[in-house]
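Have a look at the fold before reading on.

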Amino acid sequence: MNTMLKQCRRALLFILFSFIFSTAGAQKFALVDMEYMLKKIPAYERANEQLSQVSKKWQAEVDALTTEAQTLYKNYQNEVVFLSAEQKKARQDAIVEKEKQAADLKRKYFGPDGELFKKRTSLMSPIQEEIYNAIKDIADQHGFQLVLDRASDSGILFGSPKIDISNEVLQKLGYSTF
């Protein structure tokens with residue numbers, strides 16, 4: 001099903017681009033390779049390293065709580081026959097509470113609006129904005145009406161290197177293209 005969906009998407013994009021190019025007349029287009037450009041920007045690599053380090057730290061905190069919950073459960077399993085009903089209930093509640101703490105911490109750090117998302121946004125937004133502004137400036141200078149990212153899953157089957165402005169964007173940002 002997923003393959004068929006991709007094929008339909010590519011066919012629709014091909015039709016769309018065929019229409020755009022057939023009606024475009026003198027319009028100009030360019031490509032960039034965001035993956036290539038980001039690899040050339042040291043701030044991006046530093047941001048990724050920071051995200052990796054903080055992610056590992058937070059994952060260790062979540063793992064510690066999960067391990068505590070597992071230990072409580074194993075101890076409970078080993079001692080359940082010796083516990084009164086009241087003690088069983090208290091131990092079960094403690095296990096559930098520890099599991100809830102681990103799940104809450106995981107959601108806090110790694111959830112859709114979690115700390116990792118916020119950290120990634122704060123680190124990456126300035127870099128992305130700088131790239132966008134450079135692309136916009138170059139597009140305005142050269143009269144490009146459309147700039148596509150060849151690295152994304154946009155269905156670009158071929159893009160001439162002649163219209164790839166990735167190195168020009170990097171140079172405008174002051175980064176080496178070697």
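Is glycine 174 buried or exposed? At 62% relative accessibility, glycine 174 counts as exposed; the cut-offs are under 20% relative accessible area for buried, over 50% for exposed and partly exposed in between, with a 1.4 Å probe and protein chains only. Glycine 174 sits in the segment after H6.

A word on ground rules. This is a predicted model, where local features need pLDDT of at least 70, side-chain atom pairs count only at pLDDT 80 or more, and totals for chains, interfaces and linings use all residues. Residues are numbered from 1 along each chain as its sequence is written, and side-chain values use heavy atoms, with hydrogens and water left out.

Now the layout. The protein chain has 6 helices and 2 strands, in the order α-β-α-α-α-α-β-α from the N terminus. These are DSSP runs numbered from the N terminus: helices are H or I with at least four residues, strands E with at least two. Of the 178 residues, 26% count as buried.

The two strands, S1 and S2, pair in the parallel sense over 5 bridges (pairing takes at least two DSSP bridges). Alanine 30 stands opposite valine 147 in S2. S1 is mostly covered, with 4 of its 5 residues buried.

| Element | Residues |
|---|---|
| Helix H3 | 42-79 |
| Helix H4 | 85-110 |
| Helix H5 | 115-142 |

H3 has 38 residues, so at 1.5 Å a residue it should span 56 Å, and its end C-alpha atoms are 55 Å apart, which agrees. (The expected span is 1.5 Å times one less than the number of residues.) Its buried residues are Ala47, Leu51, Val54, Trp58, Val62, Leu65, Ala69 and Tyr76. An α-helix has 3.6 residues a turn, so residues three or four places apart point the same way. The cover over the buried residues of H3 includes H4 and H5.

Of its 28 residues, Met37, Ile127, Ile131, Ile165 and Val169 touch the most other members. S1, H2, H3, H4, H5 and H6 each supply at least two residues of this core, and H5 gives the most, with 9. Leaving aside neighbours within four places in sequence, valine 169 is in contact (heavy atoms within 4.5 Å) with Val32, Met37, Ile131, Ala134, Ile135 and Ile138.

Technical notes: A nonpolar core is a set of buried Ala, Val, Leu, Ile, Met, Phe, Trp, Tyr and Cys residues joined through side-chain atoms within 4.5 Å.
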